[in-house]
Amino acid sequence: MSTNIFSKSWYFRSMTFRERLREQIEYCGLLDKEVASRAGITKRAIDSYVGSEACMPSAEVAVRLAKVLGVSVEYLVLGTESEKLDVTSNSNAAKLMKHFFQLSTRDQSLLLSFAESMTKI
């Protein structure tokens, strides 16, 4: 059974930044080097955030990581999320999200534009 990464908010609030970052990378089905590339940082930097060093990135890098992973900086840093998203109740939405996060930033923007144009009334 698949569960949304936000469904157990008490659990994620007790996690560290390092643990939340690692969980989100895995949830998105991405490799560390893919996240690093999309965020414009080195793989070594990602390793320092998710490894035993557990360094905190700068605010700018945290924003870029959150954007790549489709979460808020608030979630990555504090483990809280203002707006909860539950895509697991709809298997097509979950599949779409998985594929979306595997796209390049350019392709994500194109797909969003396409979806927005399709849903305009």
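This is a predicted model: local features need pLDDT of at least 70, side-chain atom pairs count only at pLDDT 80 or more; totals for chains, interfaces and linings use all residues.

Reader: OK, and how many helices and strands does the protein chain have?
Author: Eight helices and zero strands. Going along the sequence, the pattern reads α-α-α-α-α-α-α-α.

Reader: What share of the residues is buried?
Author: Buried residues account for 32% of the 121 residues in the protein chain.

Reader: And what's the accessible surface of the chain?
Author: About 7,800 Å². Carbon and sulfur atoms contribute 56% of that surface.

Reader: Switching to charges. How many salt bridges turn up in the whole structure?
Author: Four. One of them pairs the side chains of Asp32 and Arg22, with an N to O distance of 2.8 Å.

Reader: Which parts of the chain does that pair tie together?
Author: Asp32 sits in helix α3 (residues 32-39) and Arg22 in helix α2 (residues 17-27), so the bridge links parts that are ten residues apart in sequence.

Reader: Is Asp32 buried or exposed?
Author: Buried: its relative accessibility is 15%, and the cut-off for buried is under 20%.

Reader: Nice. What does Lys43 pair with?
Author: Asp47. Their side chains form a salt bridge at 2.8 Å, N to O.

Reader: How far apart are Asp47 and Lys43 in helix α4?
Author: Four residues, which means about one helical turn separates them in α4 (residues 43-50). As for accessibility, Asp47 is partly exposed at 31%, and Lys43 is partly exposed too, at 38%.

Reader: Let's move to packing. Where do α3 and helix α5 stand, at what angle do their axes cross?
Author: Roughly 120 degrees, with the axes of α3 and α5 (residues 59-69) coming within 9 Å.

Reader: Left-handed or right-handed crossing for α3 and α5?
Author: Right-handed.

Reader: Which residues in α3 and α5 meet there?
Author: From α3 you have Val35, Arg38 and Ala39, and from α5 there are Arg64, Leu65, Val68 and Leu69. By class, the contact of α3 with α5 has five nonpolar residues, two charged ones and no polar ones.

Reader: Which two are the charged ones, in terms of the residues that meet?
Author: Arg38 in α3 and Arg64 in α5.

Reader: Last one: which helix holds Ser37?
Author: Ser37 is in α3. Its relative accessible area is 56%, so Ser37 counts as exposed.

Reader: And what separates the C-alpha atoms of Ser37 and Val68?
Author: 9.7 Å, for two residues that are 31 apart along the chain. Val68 is also among the α5 residues that meet α3.

Reader: Great, that covers what I wanted. Thanks!

Note on methods
Residues are numbered from 1 along each chain as its sequence is written. Side-chain values use heavy atoms; hydrogens and water are left out. Buried means under 20% relative accessible area, exposed over 50%, partly exposed in between (1.4 Å probe, protein chains only). Accessible areas come from the Shrake-Rupley method with a 1.4 Å probe; for residues, only the protein chains shown count as cover. Axes are lines fitted to C-alpha atoms, for helices over the stretch in contact, and angles run from 0 to 180 degrees between N-to-C directions. A crossing is left-handed if the near helix is turned anticlockwise from the far one by less than a right angle, and right-handed if clockwise. Contact means heavy atoms within 4.5 Å.
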